[in-house]
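Student: I have a model open and want to go through it with you. Where do we start?

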Amino acid sequence: MSKTDHSLSIADQHSGVLDGVQKGALTLASLGVLGLIVSLPFSTIPQPAFWLAISLSAIVAGTLWYAHHSYANKPAGIKNNGVWHSGLTTRGIAAWVVGILLTGLYILLYFYPEYLGQAAEGEQNKGLIALFDPLAQLLHGGPASQWFMYGTLYTVSILAMGYKFILKYRNNKYQIVRTISVMFFQLGFAFLLPELLARLSLPYNDFKNMWPLNYSFFDEWNVKGLIDAGGFGLFMLLFGVAMIFVISPILTYFYGKRWYCSWVCGCGGLAETAGDPFRQLSDKSTKAWKMERWIIHTVLVFAVVMTVALVYSYLGDSAKGFWVTRGMLLGIIGLALGSVATVVLVRPGMVKEVNNTIRFLALGLLVAIIGLTVHAYITGRGDVFFVESYPLRKWYGFFIGAIFSGVIGVGFYPLMGSRVWCRFGCPMAAILGMQQRFFSRFRITTNGGQCISCGNCSTYCEMGIDVRSYAQRGENIVRSSCVGCGICAAVCPRGVLKLESRSSAGGKVQDRVSSDPIAIGKTGATLR
Amino acid sequence: MPHIVIIGNGISGITAARHIRKRSDTRITVISGESEHFFSRTALMYVYMGHMRHIDIKPYEDHFWAKNRIELKHAWVQQVDAEKKHVKLQDGKTVDYDKLIIATGSASNKFGWPGQDLPGVQGLYSLQDLEAMELNTKGITRAVIVGGGLIGVEMAEMLHSRNIPVTLLVRETIFWGGVLPNEEAGLIGRHIIENGIVLRMGTEMNEILPGANGRVCAVVTRTGEEIACQFVGLTAGVHPNIAWLKDSTAIKMDKGVLVNEFLETNMPDICAIGDCAQFHEHPDLQRKNIEQVWYTGRMMGETVAKTVTGERTAYRPGHWFNSAKFFDLEYQTYGWVRHELQPGEEGHYWEHTNGKVALHLVWDQKSRVLHGVNSIGLRLRHEVFDRWLEAKATVDHVVAHLEEAAFDPEFYEKMEPLIRMSFKQAKTVTA
C-alpha cells in the first residue's frame, strides 16, 4: 500500500524566494515608481493629478497586496524566514541597486532639485515635481517644491510600509500601537498640519521636530518669522523651547527616549516601517559601539557650538529685536552646562560606568566652551568661538543635515541598516540618550535564567545593541542608544525580554542598571 | 600553573571555562571538533530558516577568547588516558592536563531501525547535522520526522519555513506526551496542525526504504503504511555522547559518564558536566539522572568551575524551570507540572477562548502549596515564581498575586482576571 500525504500547508514562500503573487505585487508597486520616474524629462504633463494618483495608487496597492499576501493568511507570529537568504536584505545585488537609487534620489533632492523639475524663481515646475503641483495646490494653495514632493513620498512610504509592519508583527500589540503612532504623527504633524498652517498664512512648523534634530529652529529667519507671526507664532516658539527643556526630559524620564524615537519622530518612523526589512544589517560589534559614541557625541557638540555661535551672532548686546541678549544667552548656556557637569562630576556614583577618560573629556570640553563664551563676552567679539557662525551653519547643513541624515541615513538603509543616522548621527538622539542612560526609569528587563543565548534579540536590534550579551547574564539593558522599538522582546523565543518603565523596586534610577543576579540554585549558582 | 582542559565547547564547557577564568589565572584549554567557536546550539534552527547567520549565533565575538586567555583547540578527541593525564587527539597528538572536564553533550537516538543510516536520514544536534540537513533537503518534496519532542517540532518548523511538506510521526497518542499534560499537548498539537504539518499521533516507524538512487525514498509504519519521502529526521530523543570514550576504560560509564553530586567521576581530577554526565543518584530526586537541558548544562558548568578551582561545590540546581517555542507558541514552566497529576496533587487548567494562551497550575491537595506552573502564550517572571516556590506559597496566594509575575509586553490583554475568575469558578464547583 502506498500513500502520499497531502500537506495542509498554505503555500509559504520558499525561504528567500518570492512566489508568483508576491512578484506580481512588487511589479505593480514598481510600475508605480516607474510612473513617477517617466515624468522626469517632461516639461509639461497633461493631467498631472491623474498621473500622480495612478502612480501613487499603484505603489500603495502593490505594497499592501504584497503585505497582505505575505502575512495575512498565515498564523500570527513573527517569521523572519529567509531574511539571510535574500539578496535584498543581505547586501546582495538588489540591495546595492536600491541603495544607489535611494542615494541618487537624495543627492538630487538636496543638491540638484532642478533635475527633479524644481522651478527657478518665478517659473513653472516641471517633470516630477510638477506632478505634485495639484496636491500642493489643494493642501497649501501654492505650487509644489522638491520638499513637498519628498514629504508626500515619505508619508506614503510610512503609511504603506506601516501597514506591512503591522501585519507582520500583528501578534504583538505593542508593535501595533507604536506603528499606528508613527503613522499618525507623520501624516498629521509632519505632513498635513504644516501645510494647513501655510494655507492659513502661519509659519510652517512641525511641532514634534525638535532642536537639535531640527537644526534650523534657532536660525534667525525662523525665530524672527515666529515672533513676527504674532500670538500663534510666539506659542510655536515657546512650545519648541519647552519641548527641548521641559517636555522631552519629563517624557524621557517616565518612558525612555522611545516616546520620541520610535513613537513620534519622522526619521524613526521611516526606519521602523520602510526600514524594517533592513534592521538586521546594523553592526553589533563592540568596535561599532565605540565608533558610535565618538561620532554621535561629536555631532552633538558640533550642533551645540554651531547653534550657540549662530544665535550669538544675530543677537545684539541690548534687548532690541529679541528679548534675549548675548550676555543672557551665554549665562543660560553656562548655567545649563554647568548644572549637567556638576551632576556628572560631583555625583559619580550615579554614573559609575562612565570612565575617567570620558569624564575628563567632558570636563575639558565644558571648560573650553565656558572659557570661550566668557572671553567673547568680555571682549565683545561677534564670533563666540573664533569662527564665523554662518559658514559653520552652512557646513553643518551640508555635512550633517544633507549628507549624514539624508544621503547616508536613508540611502544606505539596504547596506548599513535603517538606523544609521539615529545611531551614529542624530544629536537629538544623543541628548535623549544621555537622559535615558542617567535620568530615566526605562530599561529592558531580562527574565531570570531563561535566556538561551540564541541571538535573535541582537540580530534584530536596529541600533546594533548586543542585547544578548546582557540577557545571557541576567542583566537589565540600559543603553543610551536604545529607541525602545521592542523588537528584541518580540523576537525572543523564550520570553526573556520586557520593556519596562515602572519605577524600579528600589525606586532609585541606578537600581535599574544592574539587576540583582537571580539565584537559580539553592547554593547560589547565578547566571553571571 | 595547573592546566585545566575542557572537552566540548557547548554551553556546559564554555560556562565552566568562563567561570574558571573569573575565579583563577590558571591555564584553560577548550577542545572541540565540532566548531572552532562556541555557538548557541538551540539556535541552529534559525540558521537553516534564514533568521540568522552562523556568526549571529555565536554569543561572544571571536576576540573574546584570546582576551580572556581561554585557549581553543579545534580537534576531535579520541581517548582520555587517565593515568598519564593526557588526552589523545585524532591526529595522534596529545594534550596534557592537570584537571579534565568532559562536556561532550549528546548524540541523536537511533533505535536500530532498518535503513536508519541511509543517505537522507539524520538527526539534528550538531553543526555537522545542520550542514547535512542543508544538503539533504535540497529540492525535496516531502519529509518525514520521527519523534514528537522538542527537536521534532523544531525540525518541522525548519522544513516548513522552506515550504517542504512535513509529516510528523508521534508514537504517543498526544504531542510530547511523556512531558506535557493532555490539555497543553492538545493545544500545541492543534497549533502544529494549523501551521500545515501533518501530525500523525500513535504512529510508529518500522523501517526506512531506500530508492533506486540509494537514498531514502519512503518510511513504513508499524501498520504497514508507506509514506513516500526524500528526507527522514530522527528526533526520538538524544543520549550522552560518550561513544568516543569507549577505549578510555578507566572512566566509569553507564549511559553517560557517571558522576557524584560534585560532578566528579571515579577518576581523580576528571569531572563530567552537561548532557554527557549521568548522576549515580541525582541530588534532586525529582530529576532524572541525565539532564539534557541548556539551563542545567549552564548550572553544571558554573558549579564545576568552583570545584576545579578549589571550592568543592555540590550541584544544586534549585527549582526546575524550562522553556520552548512551538512555531508561534511560547511555553514556560516553573516547578513541576507532570504529564499527569501525582498522588495527592490537584490542578487547574485555564485556556483563553482564542485557544492560544493557557496556564496550568498544580499544587498539593492538602497544604495547597504550589508545585508548578505551565504557561503557553503567556510570559511569566522567573524570579517571582522562583521566589514563590522557595517560600512554598499556596496556589491561592499565587492566583491572587499573579500580576507580580506578569512579563508580557505592554498593551497586551491582561490574562490575570480571566485566570482568577476561572480558578474561582472551578473551586466553587469542587466545594
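**Chain A, the interface and a strand of chain B**

Tutor: This is a predicted model. In chain A, the secondary structure amounts to 21 helices and 3 strands.

Student: What share of the residues in chain A is buried?

Tutor: Chain A has 528 residues. A residue counts as buried with 20 or more other C-beta atoms within 10 Å of its own. In chain A the buried share is 45%.

Student: Which element gives the most to the side of chain A that touches chain B?

Tutor: The contact draws 56 residues from chain A and 56 residues from chain B. On the chain A side, β1 (2-3), α7 (173-199), α19 (456-459) and β3 (497-500) each supply at least two residues. With 3 residues, the top contributor is α7(A).

Student: How do the residues of that side of chain A divide into nonpolar, polar and charged?

Tutor: Take the side of chain A that touches chain B. Its residues split into 18 nonpolar, 30 polar and 8 charged.

Student: Now chain B. Which residues of β10 point the other way from A143(B) and I145(B)?

Tutor: In a regular strand, side chains alternate between the two faces of the sheet. Strand β10(B) covers residues 143-146, and A143(B) and I145(B) share one direction. Pointing the other way, and buried as well, are V144(B) and V146(B).

Student: Which helix joins β10(B) and β11(B) in a right-handed β-α-β unit?

Tutor: β10(B) pairs with β11(B) (residues 166-169) in the parallel sense over 4 bridges. There, I145(B) stands opposite L168(B). The helix of the unit, residues 150-161, is α5 of chain B.

Key. Residues numbered from 1 in each chain as written. Chains lettered and ligands numbered in written order. Predicted model: local features only at pLDDT ≥ 70, side-chain atom pairs only at ≥ 80, totals over all residues. Buried ≥ 20, exposed ≤ 12 C-beta atoms within 10 Å, placed from the backbone. Pairing = 2+ DSSP bridges. Right-handed = clockwise from strand over helix to strand, strands pointing away. Contact = placed C-beta atoms within 7 Å. Nonpolar A, V, L, I, M, F, W, Y, C, P; charged D, E, K, R; others polar.
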